[in-house]
Amino acid sequence: MANRNRDTEADLLAGLVPDDLAQAYGKLSTRVRVSKEQAAEILGGEHLVEELTRRGLARIIAATPDQAATFQPVPELIALQTALVSSRRIC
């Protein structure tokens, strides 16, 4: 998606995950590359990095010889499906 909007990305998960998590997903979705080390600072805390990862909404992409490890959101459709499945388990 070439023109990403943080609010739109966060709205995708509204009501399915806590607001701070939806906002963190939206913020991460607007970034091209976030280093694994910078993710907590950019998103507002290590707990958000851990929770996004635990819920399957983001993942660490391993380092390659040409690039450092990055923290990236899963694609929107996968994030929505994951959040929907998780919310049904809770209900």
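Me: Where is Ser35 found in this predicted model?
Reply: Ser35 is in the loop between helix H2 (19-29) and helix H3 (39-43).

Me: Why is Ser35 called buried?
Reply: Its relative accessibility is 18%. Buried means under 20%, so Ser35 counts as buried.

Me: What is Ser35 in contact with, leaving aside its neighbours within four places in sequence?
Reply: Ser35 is in contact with Ala69, Thr70 and Phe71. A contact requires heavy atoms within 4.5 Å. Strand S2 covers 70-73.

Me: Which buried residues does helix H4 have?
Reply: Helix H4, residues 46-54, has Leu48, Val49 and Leu52 as its buried residues.

Me: How do you know that the buried residues of H4 line one face of the helix?
Reply: Seen down the axis of H4, they fall within an arc of 100°, so they line one face.

Me: What covers the buried residues of H4?
Reply: The cover includes H2, H3, strand S1 (58-61) and strand S2 (70-73).

Me: What follows H4?
Reply: Gly56 does, with a positive phi near 75°.

Me: What makes the pair Arg54 and Glu51 a salt bridge?
Reply: The closest N and O atoms of Arg54 and Glu51 are 2.6 Å apart. The cut-off is a side-chain nitrogen of Lys or Arg within 4 Å of a carboxyl oxygen of Asp or Glu, so the pair of Arg54 and Glu51 is a salt bridge.

Me: How are Arg54 and Glu51 placed along helix H4?
Reply: Arg54 and Glu51 are 3 residues apart in H4, which means that about one helical turn separates them. An α-helix has 3.6 residues a turn, so residues three or four places apart point the same way.

Me: Why is Arg54 called exposed, and why is Glu51 called partly exposed?
Reply: Arg54 has a relative accessible area of 59%, and exposed means over 50%. Glu51 is at 22% relative accessibility.

Me: What joins Glu51, Arg54 and Arg55 into one network?
Reply: The side chains of Glu51 and Arg55 also meet in a salt bridge, at 2.7 Å from N to O. Salt bridges that share partners join Glu51, Arg54 and Arg55 into one network. The structure holds 2 salt bridges.

Me: What pattern does the chain follow along the sequence?
Reply: The pattern is α-α-α-α-β-β-α, with 5 helices and 2 strands.

Me: How much of the chain is buried?
Reply: Buried residues are 34% of the 91 residues in the chain.

Key: Residues numbered from 1 in each chain as written. Predicted model: local features only at pLDDT ≥ 70, side-chain atom pairs only at ≥ 80, totals over all residues. Heavy atoms only, no water. Helix = DSSP H or I, 4+ residues; strand = E, 2+ residues; numbered from the N terminus. Buried < 20%, exposed > 50% of the residue type's maximum accessible area, 1.4 Å probe, protein only. Arc of directions from axis to C-beta.
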